[in-house]
Amino acid sequence: MTDTPETDFDGKMAYGDYLRLDLILGAQQTRSAAHDELLFIIQHQTSELWMKLAVHELESARDAIAEDRLPHAFKMLARVSRILEQLNGAWDVLRTLTPSEYTEFREDLGQSSGFQSHQYRAIEFLCGNRNAAMLKPHAHRPAIIGELRAILARPSLYDEAIRLLARSGFDVGGERPSLAEPRAENASVQAAWKAVYEAPERYWPLYELAEKLVDLEDYFRRWRFNHVTTVERVIGLKRGTGGTQGVAYLRRMLEVELFPELWHVRTEL
């Protein structure tokens, strides 16, 4: 028996075949002669790949909570936090792009903007930050609209966590009227989480779920903050390519809370 590696792949599955590297590595089509445009494209493409995995894990975690399979949900939520850590690291690479370098190819972006990322929108919708008006940038893509509407038609990850509180005997104030619109902060939900945090040994699975959700949002907040810092470092306070207010818009997004009761309950403990 030898340990000689396989070298003849005629008619066999090779590494590049399995990963479809011809498609992936052929997808970086620059529109200018600028050296740094390749960095910009790869950073965003790899981020979209990580977001695809995050959507997959969040959908599965939501379903696992709904089915009382909490250990499975914990594993998936921990993985999403690690994915967000990867996304945060990507900003460190993009921050090597200087304003003068970005200016060389910015006009070639046209009206494209990260604001239009439907996978980012899916992550927000899955976590619970819901606003049906945010479907509009995707109106020209029926398949994408369909995917996002399907997410809005079902409870979010946080909705399922609150439903689990109700199944565990807590008063959570009843179902909210519309799954597709933002949920109002709920004093009953906060009181339920307070009871969980005051008796972690009694409610350990709920306590662990709460901390997994806080971990997730912690990493998500860092991602948003790094996004703001990177954009300001590269373009200052100019408007974004997609027509947004750029840094001003991103700063407002820092104030959005995915799981508000889990953060506000800390003041009461």
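**View 1. Asp 68 is partly exposed, with a relative accessible area of 46%, in the loop between α3 (37-66) and α4 (70-94).** The terms for exposure follow relative accessible area, where buried means under 20%, exposed over 50% and partly exposed in between, computed with a 1.4 Å probe and protein chains only. Helices are DSSP runs of H or I with at least four residues, and strands are DSSP runs of E with at least two, numbered from the N terminus. The backbone at Asp 68 has a positive phi near 60°, although Asp 68 is a residue other than glycine. Most residues other than glycine have a negative phi.

This is a predicted model, in which local features need pLDDT of at least 70 and side-chain atom pairs count only at pLDDT 80 or more, while totals for chains, interfaces and linings use all residues. Residues are numbered from 1 along each chain as its sequence is written, and side-chain values use heavy atoms, with hydrogens and water left out.

**View 2. Arg 20 sits in the loop between α1 (15-19) and α2 (21-25).** Arg 20 is not a glycine, yet its phi is positive, at about 55°. With a relative accessibility of 54%, Arg 20 counts as exposed.

**View 3. A nonpolar patch on the surface is formed by Met 13, Tyr 15, Tyr 18 and Leu 19.** Together these residues have about 530 Å² of accessible area, computed by the Shrake-Rupley method with a 1.4 Å probe, and for residues only the protein chains shown count as cover. A patch is made of residues with over 30% relative accessible area and no salt bridge, with like charges joined within 9 Å and nonpolar side chains (Val, Leu, Ile, Met, Phe, Trp, Tyr) within 5 Å; a salt bridge is a side-chain nitrogen of Lys or Arg within 4 Å of a carboxyl oxygen of Asp or Glu. Met 13 belongs to the segment before α1 and, at 59% relative accessibility, counts as exposed.

**View 4. Leu 262, in helix α12 (residues 260-264), is buried, with a relative accessible area of 0%.** Leaving aside residues up to four places away in sequence, Leu 262 touches Tyr 158, Trp 193, Tyr 197, Ala 210, Leu 213 and Val 214, where contact means heavy atoms within 4.5 Å. From C-alpha to C-alpha, Leu 262 and Ala 210 are 7.0 Å apart in space, although 52 residues apart in sequence.

**View 5. Ser 81, a residue of helix α4, counts as buried at 2% relative accessibility.** Not counting residues up to four places away in sequence, Ser 81 touches Asp 215, Leu 216 and Tyr 219.
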